[in-house]
Amino acid sequence: MCALARTVYTRAMLARIRACRLAARPHFAPRLFSWVAVALLLASPVAGQQRDARIPDAGDLWLEIGPELANWTEQFARNSADVGDGSREPLFAHFDGPIDRRLYPSSALFVDDLNRDAEALGFDPLTEDDFSMGDLDYQRINKQARRLAAGFEVGVYKRIAIGIRAPLTFSDVEPAFVFDTLAATVMGSLTAFPPGDSFFEDARTSMSSLDALITGGTLMGAALDDAIQLRAETDAYLTALELRAGGELLVPTGLSTAGTQMRERYANFIGGFEGLGLSLPGLTLPDFASAGDLVGFFENAPVSAMVPAPTSAGLALGEFEVSARFGLIDQITPRFATDTAAAATEGAGAAAQDSAGVQDSAAALPRQRERPSVRLRTTVGALVRIPRGTNGAPPLEDPGNFMLLPVADGQTDVELSLYQDVAFGDWLILRALGRYGIQMADVLNLRVHAPDRPYAFASTEATVNRDLGDYVQLVLRPSIRFNSAIWVGLEYEYASLGNARFTLASEPTADVPDATPLELESGGSRHMAGIGITYDLSEARSRQDVIEDRSPVRSPWQFNISFRRAVAGSGGRMPAPFRYAASFRIPIGIF
């Protein structure tokens with residue numbers, strides 16, 4: 001059999017096996033998340049990242065819509081065994097490799113269990129080096145998070161505005177891996193003896209024939225002694241196999257060293273039966289493990305978990321955001337007199353000409369205004385991000401599916417922000433945003449595990465106090481005027497997340513003495529760079545309008561698009577995404 005035939009591509013195969021083989025089993029779907037994709041890419045409200053420092057005037061309402069897509073296959077590592085701090089590693093770095101090494105701290109228990117039957121089954125005692133459940137060879141894990149932040153901001157009094165947003169969210173994880181059965185030296189008993197197999201029934205019928213021959217008195221002396229010994233050894237062999245099959249325990253594969261020795265011992269039994277004129281059914285051990293074994297390794301105790309598979313968190317309402325902003329300085333938003341005043345000046349000049357007969361053409365032209373070459377617009381804000389859930393319970397923390405990326409982090413955030421726009425003349429502007437967020441502590445159920453043991457047991461589930469680290473974000477967007485309404489520029493984003501802290505809220509157990517493993521690789525930082533385009537009608541003017549200092553269009557319609565890519569970072573499991581975002585600002589006068 002070629003190597004390609006011995007490796008099973010799991011996506012389609014597992015779906016078929018799970019449908020036909022596990023329909024009667026209770027399905028428990030545990031979850032693993034990289035600290036909710038590092039607080040959902042640092043709890044980024046799309047509209048907030050694209051906003052400038054302008055706020056609506058009193059009586060104006062701005063509708064804001066902001067779609068965003070983040071896609072990543074890599075993360076920045078910290079203290080990883082294979083890469084240095086700040087280096088990129090694939091998302092599957094902690095999932096890849098021998099299954100037994102990922103699932104269990106040691107295979108000693110399995111080896112001891114197999115060795116209890118080594119004498120009866122006729123194989124040499126195993127060591128941990130002889131034991132393997134096969135390998136998971138990942139090609140990739142691709143994560144996507146989509147958000148559609150919709151809300152409004154309304155001016156309530158002079159330079160004060162309040163806003164509400166409620167994003168729709170959708171996320172999915174797409175793993176692609178191969179279950180390499182070549183490395184497996186054990187398989188599940190259901191692979192060795194599938195339902196409906198009559199091996200044990202036929203073997204016991206042959207044993208009954210041997211009993212009748214022994215008790216029938218036709219055998220005497222050494223022949224009788226050999227027959228009795230054959231019966232005892234065959235019975236011990238069959239009893240050991242029956243117990244393993246009935247208890248759904250592991251069985252050596254046919255081509256492993258232990259499996260080969262088991263076949264040879266059973267072949268000797270067949271020869272002994274034939275020497276007595278009896279028959280014994282053949283033992284057919286599969287040469288390799290199967291995809292069904294992979295399902296069994298995960299869904300049977302103690303893991304009680306779903307095999308890694310494509311998983312999504314469907315369209316759902318994310319966390320509500322309530323914000324308030326206060327404008328401190330605004331030297332950029334046009335608030336000077338319009339050309340109506342200039343027209344009145346021209347009319348007065350014409351009347352004076354008729355009465356005095358003297359024309360002063362200069363008096364009829366709009367007077368040039370002097371504006372500072374550097375102008376500021378500064379706004380401060382505060383935001384509360386409120387989790388949705390029943391009775392305060394986090395909406396996402398089901399400690400079971402190893403591949404699900406949640407749509408929210410489930411605890412309350414309090415955020416302070418500073419918006420700073422700096423205009424240099426009429427052709428260059430710098431938009432900056434600084435945010436500091438405090439993530440409030442909460443209580444939830446999690447499986448307690450270290451990063452290199454992602455497939456955590458059901459027995460490791462515990463109630464923990466979670467205190468996610470505070471976050472800081474800085475966004476800089478220098479732009480130049482491309483034409484009357486379009487600004488094109490570069491974008492830079494720095495984000496930092498503090499280390500999380502976990503303590504047990506429930507009593508310690510032998511499986512979970514404390515919750516500190518959850519703190520490993522929980523913080524980090526990231527730098528992103530990209531480009532942004534802004535279409536802003538609020539300051540749209542032609543070149544001649546700029547020269548003559550005429551008033552621009554006043555309606556604050558604005559459209560932004562942004563493309564950013566992670567260029568550097570550090571910390572554990574910090575996503576390294578491509579991010580595509582847009583935002584629309586639609587003004588509506590209400591009073």
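Predicted model: local features only at pLDDT ≥ 70, side-chain atom pairs only at ≥ 80, totals over all residues.
Figure 1. The side chain of glutamine 473 takes part in a polar contact of 2.5 Å with the side chain of arginine 435. A polar contact of 2.9 Å links the side chains of glutamine 473 and glutamate 493.

**Figure 2. The open sheet S4-S3-S23.** Three strands form this open sheet, in the order S4-S3-S23, and the pairing is antiparallel. Strand S4 (88–90) and strand S23 (574–575) are the edge strands, each pairing on one side only. Strand S3 covers residues 74–76 and is joined to S23 by two bridges. The two strands run antiparallel. Phenylalanine 76 faces methionine 574 of S23 across the pair.

**Figure 3. The packing of helices H9 and H10.** Helix H9 takes in residues 199–215, and helix H10 residues 221–246. Their axes come within 11 Å and cross at roughly 160°. H9 is therefore roughly antiparallel to H10. The crossing of the two helices is left-handed. On the H9 side, the contact is made by Phe199, Phe200, Ala203, Arg204, Met207, Leu210, Asp211 and Ile214. H10 contributes residues including Leu224, Ala227, Ile228, Leu230, Arg231, Thr234, Asp235 and Leu238. Thr239, Leu241, Glu242 and Ala245 of H10 also take part.

Figure 4. Strand S2 (residues 60–72) runs antiparallel to strand S24 (residues 578–589), and 10 bridges join them. Leucine 69 stands opposite tyrosine 580 in S24. S2 also pairs with strand S6 (residues 135–157), in the antiparallel sense and over 12 bridges. There, arginine 146 of S6 is the bridge partner of leucine 69.

**Figure 5. Arginine 147 in strand S6.** Arginine 147 belongs to strand S6. With a relative accessibility of 15%, arginine 147 counts as buried, because the cut-off is under 20%. Alanine 70 lies 77 residues away from arginine 147 in sequence. In space, their C-alpha atoms are 8.8 Å apart.

**Figure 6. The open sheet S16-S17-S20.** This is an open sheet of three strands, ordered S16-S17-S20, with antiparallel pairing. Its edges are strand S16 (442–447) and strand S20 (501–504), each of which pairs on one side only. From one strand to the next, the twist averages 40°. Four bridges hold the antiparallel pairing of strand S17 (residues 461–467) with S20. Among the residues of this pair, arginine 466 has phenylalanine 502 in S20 as its bridge partner.

Figure 7. Strand S12 (residues 320–330) pairs with strand S7 (residues 160–165) in the antiparallel sense, over six bridges. Arginine 325 in S12 is the bridge partner of alanine 161. S12 also pairs with strand S13 (residues 374–386), again antiparallel, over 10 bridges. In S13, the bridge partner of arginine 325 is glycine 381.

Figure 8. Lysine 158 occupies the loop between S6 and S7. Its phi is near 45°, a positive value in a residue other than glycine. The relative accessible area of lysine 158 is 60%, so this residue is exposed. Glutamate 248 is placed in the loop between H10 and strand S10 (250–252). Phi of glutamate 248 is near 50°, also positive in a residue other than glycine. Glutamate 248 has a relative accessible area of 38% and is partly exposed.

**Figure 9. The whole chain, for orientation.** The secondary structure comprises 15 helices and 24 strands. The chain has 591 residues, of which 49% count as buried. Consider the contacts between residues at least 6 apart in sequence: 80% of them join residues at least 24 apart.

Notes
Residues numbered from 1 in each chain as written. Heavy atoms only, no water. Polar contact = N/O pair within 3.5 Å; in protein donor to acceptor, adjacent residues only side chain to side chain. Pairing = 2+ DSSP bridges. Axes fitted to C-alpha atoms, helices over the stretch in contact; angles between N-to-C directions. Parallel < 35°, antiparallel > 145°, perpendicular 65-115°, else oblique. Left-handed = near helix turned anticlockwise from the far one by under 90°. Contact = heavy atoms within 4.5 Å. Buried < 20%, exposed > 50% of the residue type's maximum accessible area, 1.4 Å probe, protein only.
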